[in-house]
Amino acid sequence: MDKIEKFKNRELSWLDFNYRVLSEARDKQIPLMERLKFLSITASNLDEFFMIRVASLKDQVNAGYNKQDIAGMTPGEQITAILSVTHDFVSTQYCTYNRSFLPALKKEGLKIVTQYEKLTPEQAEYVDNYFKQEVFPVLTPMAVDSSRPFPLIRNKSLNIGALLRDKKKKDTIDFATVQVPSVLPRIVTIPSDEDNCTTIILLEQIIEKNIQNLFMNYKVLCATPFRVMRNADLTIDEDEAADLLIEIEKQLKKRQWGEAIRLEVEDTIDKRLLKILRKEMNLEEESIFRLNGPLDLTFLMKVYSMEGFNWLKEPSYIPQQPKMLDSSRGLFEQIREHDILLHHPYESFDPVVNFVRLAAKDPNVLAIKQTLYRVSSHSPIIASLAEAAENGKQVSVLVELKARFDEENNIVWARKLEKAGCHVIYGLVGLKTHSKITLVVRREEDGIRRYVHLGTGNYNDSTAKLYTDMGMFTCKRQYGEDATAVFNMLSGYSEPLAWNKLALAPLWLRDKFISLIQREKENAKRGYPARIIAKMNSLCDPGIIEALYDASSAGVKIHLIVRGICCLRAGVPGLSENIHVRSIIGTFLEHSRIFYFENNGDSEYYMGSADWMPRNLDKRVEILFPVEDEELKKEIYHILEIQLADTKKAHILMPDGSYEKVDQRGKEPLNSQMYFCEHSKN
């Protein structure tokens with residue numbers, strides 16, 4: 001079969017995912033403020049997509065790289081297709097904002113000012129005073145002329161461009177710009193002209209209409225907001241970097257000034273002003289997005305956070321005490337009795353935080369070792385690790401400095417941990433350490449015992465309330481030995497001859513998955529029960545996909561729950577008729593990786609940190625761990641069953657590559673995420 005028939009392009013598949021998020025914003029069965037959140041998320045998703053994925057493709061085009069991807073598309077062809085789809089996507093975003101959200105919000109008592117001219121005299125006076133007192137002192141207008149070159153426009157910053165005519169030299173037109181200050185709130189509440197109504201205006205509107213005050217010797221001919229997206233993909237030569245931390249700090253500064261990738265302007269922009277911006281940014285017409293509304297819709301998350309509109313939101317969910325834990329008993333004692341499964345955010349992340357906190361204080365604990373990829377800005381885990389070191393324990397922490405967009409945060413934490421006396425590792429050259437593992441070594445009456453936590457998500461107490469993830473506590477000897485081997489490998493490059501339970505990337509995780517899939521294929525050929533259920537964030541590895549196609553052709557029933565990118569074609573006769581793919585988009589971000597293999601009735605369950613992507617299998621340190629306790633296996637199977645039965649939030653991948661919501665006719669309504677919220681309370 002032709003490549004394009006066997007595989008979907010990764011980037012176009014990601015855009016499909018963002019469309020699914022947008023469909024939640026357009027779903028009128030969802031509370032209005034929750035829909036606002038989804039629209040905001042589509043905007044932030046798109047920003048990151050352009051800064052990293054589109055930027056990378058542009059780098060390839062600039063380097064003359066023309067190799068086709070798995071779907072048979074060159075980098076140039078991908079960029080053309082991406083821009084075409086994105087223009088349609090953005091049009092739908094703003095149609096949703098203007099035609100659906102603005103009228104609906106106004107009806108509920110929240111008015112967003114769209115035209116400055118429609119302010120009442122009292123409102124205009126209030127806004128003008130606000131500009132003079134709060135905004136004007138902060139602004140830095142920058143004119144461009146023969147002595148002042150075009151200023152560097154920071155990545156993602158909101159700016160207002162203007163054309164000026166010198167009152168003395170009426171034959172020349174100059175360009176000027178002013179950055180909308182991020183230190184001031186973008187949403188400004190103003191007096192309302194209606195009872196029981198809150199009225200807000202955006203900061204850039206206030207600046208735009210008062211911009212004449214910044215250029216007193218000029219006549220302002222026009223002024224319009226604009227925003228530029230730049231290449232933010234860091235290029236780090238680790239082999240040449242004497243100090244990785246310092247090298248990343250240098251690269252972070254460059255991120256603000258990378259090559260322009262995308263320019264956003266309001267669709268009313270003056271043609272002369274746009275011509276100047278386009279020339280200075282060196283952008284093609286297709287990379288310019290004329291928007292019918294405010295730039296950077298991520299401000300809607302701030303609207304969501306406004307007080308007084310709780311009836312337009314879902315009731316906030318409070319994570320519950322895990323069923324397998326008794327809060328009145330010691331955590332180490334309970335882990336000794338049996339393995340413990342955690343299901344976040346339905347069950348609280350507190351036991352994971354407490355695991356490190358208790359270890360830091362426990363006089364019997366000798367050592368704590370942990371990998372950190374993304375942590376919260378006020379991480380209690382970091383504080384406990386620092387305390388443990390100060391208490392004289394051996395503390396080894398791998399802080400992944402290359403965690404995208406968390407580099408700066410992780411540099412701060414690395415320095416704090418080093419200062420407290422922790423042994424900090426920055427990872428392996430050429431690899432990101434993405435695994436989620438904590439090892440606590442404790443002296444007990446019967447000798448040294450190792451306690452291990454393994455997870456599918458980051459050690460981040462904030463995102464643990466928003467992301468669905470799984471975790472497991474165990475103190476079984478073989479897991480403890482493997483955990484020790486993992487940290488010895490990360491810190492001293494000593495690779496063990498064999499592993500007991502864990503499978504690691506980039507060593508043999510790919511081979512492990514391929515062998516598990518092939519075993520199901522052989523079982524199907526022999527007429528034995530053969531089934532695979534796999535849940536992950538993304539699926540784009542060609543080797544894994546080919547293995548799944550082979551297994552499907554042999555009769556293996558394959559059910560995939562893939563939230564985001566999926567390059568596999570599902571339900572195609574002669575190729576994948578036994579493969580069914582669904583994507584669940586809901587209140588929480590689906591993030592756990594769970595793998596089930598039927599194995600002729602002796603089913604095996606695995607969880608881990610890796611998606612089925614080349615970067616996870618070949619370029620990252622990842623861990624896959626088996627779940628062997630029978631009670632835990634039953635719970636995991638139940639979780640998978642519920643997700644496969646979801647009729648409210650599931651989107652089904654069709655043979656033509658499109659996604660459709662589940663046809664609910666004759667089916668019991670089931671929102672899997674809400675089910676787990678209730679299930680965790682019982």
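A nonpolar core is here a set of buried Ala, Val, Leu, Ile, Met, Phe, Trp, Tyr and Cys residues joined through side-chain atoms within 4.5 Å, where buried means under 20% relative accessible area, exposed over 50% and partly exposed in between (1.4 Å probe, protein chains only). In this protein chain, V303, L539, L548, L560, L568 and W612 touch the most other members of the largest such core, which holds 127 residues. The structure is a predicted model, in which local features need pLDDT of at least 70 and side-chain atom pairs count only at pLDDT 80 or more, while totals for chains, interfaces and linings use all residues. Residues are numbered from 1 along each chain as its sequence is written, and side-chain values use heavy atoms, with hydrogens and water left out.

**Overall build**

- The protein chain contains 19 helices and 27 strands, both taken as DSSP runs numbered from the N terminus (helices H or I, at least four residues; strands E, at least two).
- Its radius of gyration is 27 Å, close to the 26 Å given by the globule rule for 682 residues, so the protein chain is as compact as a globular protein of that length; the radius is taken over C-alpha atoms, and the rule is 2.2 Å times the number of residues to the power 0.38.
- The C-alpha trace spans about 90 × 65 × 60 Å along its principal axes.
- Of the contacts with a separation of 6 or more, 73% are between residues 24 or more positions apart, contact meaning heavy atoms within 4.5 Å.

**Surface and charge**

- Buried residues make up 57% of the 682 residues.
- The accessible surface comes to about 29800 Å², and 48% of this belongs to carbon and sulfur atoms; the areas come from the Shrake-Rupley method with a 1.4 Å probe, and for residues only the protein chains shown count as cover.
- There are 91 positive and 96 negative side chains, and the centres of the two sets lie 3 Å apart, with Lys and Arg counted as positive, Asp and Glu as negative, and His and the chain ends not counted.

- In soluble globular proteins, nonpolar side chains tend to be buried together.
- In the core of 127 residues, helix α3 (residues 32–62) gives the most, with 14 residues.
- Apart from that core lies another, of 47 residues, which includes A367, A485, F625 and F676.
- Not counting residues up to four places away in sequence, L548 touches I517, I532, L539, I558, L560, L568, I579 and W612.

**Buried sites with contacts across the chain**

- Y549 lies in helix α16 (residues 542–553) and is buried, with a relative accessible area of 2%.
- The C-alpha atoms of Y549 and L575 are separated by 5.9 Å, although the two residues are 26 residues apart along the chain; leaving aside neighbours within four places in sequence, Y549 is in contact with K6, L568, R569, L575, S576 and I579.
- D611 belongs to the loop between β24 (604–608) and α17 (614–618), where it is buried at a relative accessible area of 3%.
- Between D611 and K535, which are 76 residues apart along the chain, the C-alpha separation is 8.7 Å, and the contacts of D611, with neighbours within four places in sequence left aside, are M536, N537, S538, R593, N616 and L617.
- N210, in the loop between α6 (203–209) and β7 (218–230), is likewise buried, with a relative accessible area of 6%, and its contacts, again leaving aside neighbours within four places in sequence, are Y116, D128 and F131.

**Backbone geometry in loops**

- H344 and P345 are joined by a cis peptide bond with omega about 0 degrees, and P345 is placed in the loop between β10 (340–344) and α11 (350–361).
- A cis peptide bond also joins A505 and P506, with omega about 5 degrees; P506 sits in the loop between β18 (503–505) and α15 (509–525).
- N196, a residue other than glycine, has a positive phi near 55 degrees; this residue is in the loop between β5 (187–190) and β6 (198–202) and counts as exposed at 77% relative accessibility.
- D296, in the loop between β9 (288–291) and α9 (300–304), has a positive phi near 60 degrees, but D296 is buried, with a relative accessible area of 16%.

How values were computed:
Charge placed at Lys NZ, Arg CZ, Asp CG, Glu CD.
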